[in-house]
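Please open the model in a viewer and keep the sequence alongside.

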Amino acid sequence: MCGTMEEGRPSPWTVMDLTTAERALLTGVRQWFRAGTAGAMASMRIGLNVAGVPNTALLPLFALLGTFAVAGARKPEIRCPACSRISADEAALLDSLAAVQSGDAEVAAQLFDRWLPPVALCMAVDAMGELGNILDGARIFLPRRRAARLVPLPAGAALAAE
């Protein structure tokens with residue numbers, strides 16, 4: 001059982017809801033946050049290769065993840081590799097990469113702004129752009145997965161519905 005199952009804000013998705021490439025990227029991110037670049041490189045390479053992601057994606061992915069090692073960076077909630085649930089922060093990471101792929105780097109920058117100081121933010125957006133180009137070249141397109149917003153109903157509307 002995953003020790004991070006109940007931490008933080010969950011997203012509406014599970015790992016099984018993701019595409020093969022999203023699962024490989026998320027697993028790689030989770031491995032990197034647990035073991036660092038040297039400890040996760042071999043398993044990340046294997047997982048990305050299985051998903052059809054070229055080895056050239058590793059360098060910008062490591063550059064992107066490395067931005068979280070700078071002073072002043074707030075760490076996103078990254079769950080353990082075995083966790084079946086996806087945290088809201090993990091969903092935001094995947095959505096930011098999908099935003100870059102769809103030509104919306106500004107949305108990606110806004111998502112990463114919650115964690116990174118300005119210089120690291122610039123580096124992260126550049127690394128995401130390079131990673132997005134590599135995925136595009138491999139014909140791997142990540143879907144946008146914005147979390148659904150829950151809109152509270154007026155107090156009287158809930159009673160009227162019953």
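Begin by selecting Glu77, which counts as buried because its relative accessibility is 16%; buried means under 20% relative accessible area, exposed over 50%, and partly exposed in between, with a 1.4 Å probe and protein chains only. This is a predicted model, in which local features need pLDDT of at least 70 and side-chain atom pairs count only at pLDDT 80 or more, while totals for chains, interfaces and linings use all residues. Residues are numbered from 1 along each chain as its sequence is written, and side-chain values use heavy atoms, with hydrogens and water left out.

Glu77 sits in the loop between helix H2 (58-66) and strand S2 (85-87). Helices (H or I, at least four residues) and strands (E, at least two) are DSSP runs, numbered from the N terminus.

**The whole chain**

Now zoom out and colour by secondary structure. The chain holds six helices and two strands, and from the N terminus on its elements run β-α-α-β-α-α-α-α. Of the 162 residues in the chain, 45% are buried. Among contacts with a separation of 6 or more, 72% come from residues 24 or more positions apart, contact meaning heavy atoms within 4.5 Å.

**The other salt bridges**

How many salt bridges does a search of the whole structure find? The search finds three. Select Glu90 and Arg30, whose side chains meet in a salt bridge of 2.8 Å, N to O. This pair links distant parts of the chain, with Glu90 in helix H3 and Arg30 in helix H1 (residues 20-50), 60 residues apart. Glu90 and Arg30 are both buried.

Next select Arg144 and Asp95, which form a salt bridge with their closest N and O atoms 2.8 Å apart. Here too distant parts of the chain are linked: Arg144 is in the loop between H5 and helix H6 (155-161), Asp95 is in helix H3, and 49 residues separate them. Asp95 is buried, with a relative accessible area of 6%, whereas Arg144 is partly exposed at 26%.

**Where H3 meets H5**

Show helix H3 (residues 88-101) together with helix H5 (residues 118-137): they pack at an angle of about 70°, with their axes 9 Å apart. H3 is therefore roughly perpendicular to H5. Axes are lines fitted to C-alpha atoms, for helices over the stretch in contact, and angles run from 0 to 180 degrees between N-to-C directions; those under 35 degrees count as roughly parallel, over 145 as roughly antiparallel, 65 to 115 as roughly perpendicular and the rest as oblique.

To display the contact, select Ser96, Leu97, Val100 and Gln101 in H3, which meet Met128, Gly129, Leu131, Gly132, Leu135 and Asp136 in H5.

Keep Gln101 of helix H3 selected. Is Gln101 buried or exposed? Gln101 is buried, with a relative accessible area of 15%. Its side chain reaches the backbone nitrogen of Leu142 at 2.8 Å. Leaving aside neighbours within four places in sequence, Gln101 is in contact with Gly132, Leu135, Asp136, Ile140, Phe141 and Leu142.

Move to Arg139, in the loop between H5 and H6. Arg139 counts as exposed because its relative accessibility is 68%. Its phi is near 60°, a positive value in a residue other than glycine. Most residues other than glycine have a negative phi.

Finish at H2 by selecting Leu58, Pro60, Leu61, Phe62, Leu64 and Leu65, which are buried. The buried residues of H2 pack against H1, helix H4 (105-113) and H5.

Terms used. A salt bridge is a side-chain nitrogen of Lys or Arg within 4 Å of a carboxyl oxygen of Asp or Glu. A polar contact is a pair of N or O atoms within 3.5 Å; within protein, one must be able to donate a hydrogen and the other to accept it, and residues adjacent in sequence count only if both atoms are side-chain atoms.
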